[in-house]
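User: I'm new to this one and would like a quick tour. Can you take me through it step by step?

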Amino acid sequence: TRVLALPRWHTVAIRIISTRFLKLLLLAMDKSNTIVLFDVDGTLTKPRNAATAEMKAVLAALRQRVTIGVVGGSDIHKIKEQLGETLIDDFDYVFGENGLTAFHLGKVIGTESIKTALGEENLKRFINFVLGYLSTVDIPVKRGTFIEFRNGMINVSPIGRNCSQQERDDFEKYDKVHGIRQKMVAALQEKFPELGLRYSIGGQISFDVFPEGWDKTFCLRYLPSFKNIFFFGDKTEQGGNDYEIYTKLHPNSFSVTSPEHTTRLLNEKFLA
């Protein structure tokens with residue numbers, strides 16, 4: 001089979017057209033019609049670590065071109081620990097607990113409460129079952145804070161959120177082999193089908209529990225004016241806490257494997 005090479009002028013022309021098209025596309029995107037949303041752990045930072053100076057610089061450069069937002073499963077306080085105390089000033093939109101606490105340009109624009117949604121009796125039944133189940137789970141290490149009650153969700157950690165970074169890393173490896181979190185989620189789904197809850201495994205050591213529809217797509221209700229919405233996240237597989245929003249925004253969503261991967265994609269797609 002003969003392969004015909006394109007004339008050099010033809011190749012150059014294609015490159016020129018592609019470059020001009022990209023520039024036109026970038027020009028068409030601005031802060032009024034385009035927003036780029038980011039997950040936190042594994043996307044902007046290593047799990048429960050602080051963002052690097054390089055990442056902050058890339059985000060600041062991106063913000064000059066488009067609107068930027070962060071949507072995390074953790075509450076605002078924990079997101080600040082990773083992205084800085086000036087979080088709500090550094091991003092145009094900040095969505096804590098999947099958007100159940102929402103900020104725009106530093107001001108609160110919405111809040112929701114799982115306590116109101118489920119009611120106290122249902123919460124007690126659920127929490128009591130979780131504590132009983134955890135007492136039967138045999139894993140190499142257990143620490144403290146197995147249940148964290150947040151405004152819009154319940155976070156459950158079989159090892160306990162007070163574990164060290166090394167213990168986090170070790171549990172993540174153990175969980176991948178033994179499926180501790182997956183088995184617990186299955187038990188909760190079987191026990192409480194009437195509550196209409198969703199379970200989302202994210203990060204290294206825990207999973208989130210929240211009412212149906214309160215996943216990360218919840219934040220999109222605050223963004224109706226944007227023509228282009230992009231998303232970067234790492235837990236994009238089914239069952240991961242980025243899955244719903246990643247699927248909803250496809251093909252304008254990017255599955256990343258690390259903060260470095262995020263930086264590389266931003267430089268290639270938005271800052272070239």
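**The cavity and its surroundings**

Analyst: Happy to. Keep in mind that this is a predicted model. The largest cavity here has a volume of about 280 Å³.

User: Which residues are the closest to the centre of the largest cavity?

Analyst: The lining of this cavity counts 25 residues. Sorted by kind, they come out as four nonpolar, eleven polar and ten charged. The closest to the centre are Asp-41, Ser-74, Gly-202, Gly-203 and Asn-241.

User: Which element gives the most to the lining of the largest cavity?

Analyst: Elements giving two or more residues to that lining are α3 (76-83), β8 (197-202) and β9 (206-211). The top contributor, with three residues, is β9.

User: Now the open sheet: which strands stand at the edges?

Analyst: Seven strands make up this open sheet, with mixed pairing, in the order β5-β4-β3-β2-β1-β10-β11. A strand at the edge has a single partner, so one of its sides is left without a neighbour in the sheet. That applies to β5 (107-111) and β11.

Terms used
Residues numbered from 1 in each chain as written. Predicted model: local features only at pLDDT ≥ 70, side-chain atom pairs only at ≥ 80, totals over all residues. Heavy atoms only, no water. Pairing = 2+ DSSP bridges. Helix = DSSP H or I, 4+ residues; strand = E, 2+ residues; numbered from the N terminus. 1 Å grid on protein atoms, 1.4 Å probe; cavity = no way out; pocket = protein on both sides within 12 Å on 5 of 7 lines; lining within 4 Å. Points joined across faces, edges and corners; volume = space filled by probe spheres on them. Nonpolar A, V, L, I, M, F, W, Y, C, P; charged D, E, K, R; others polar.
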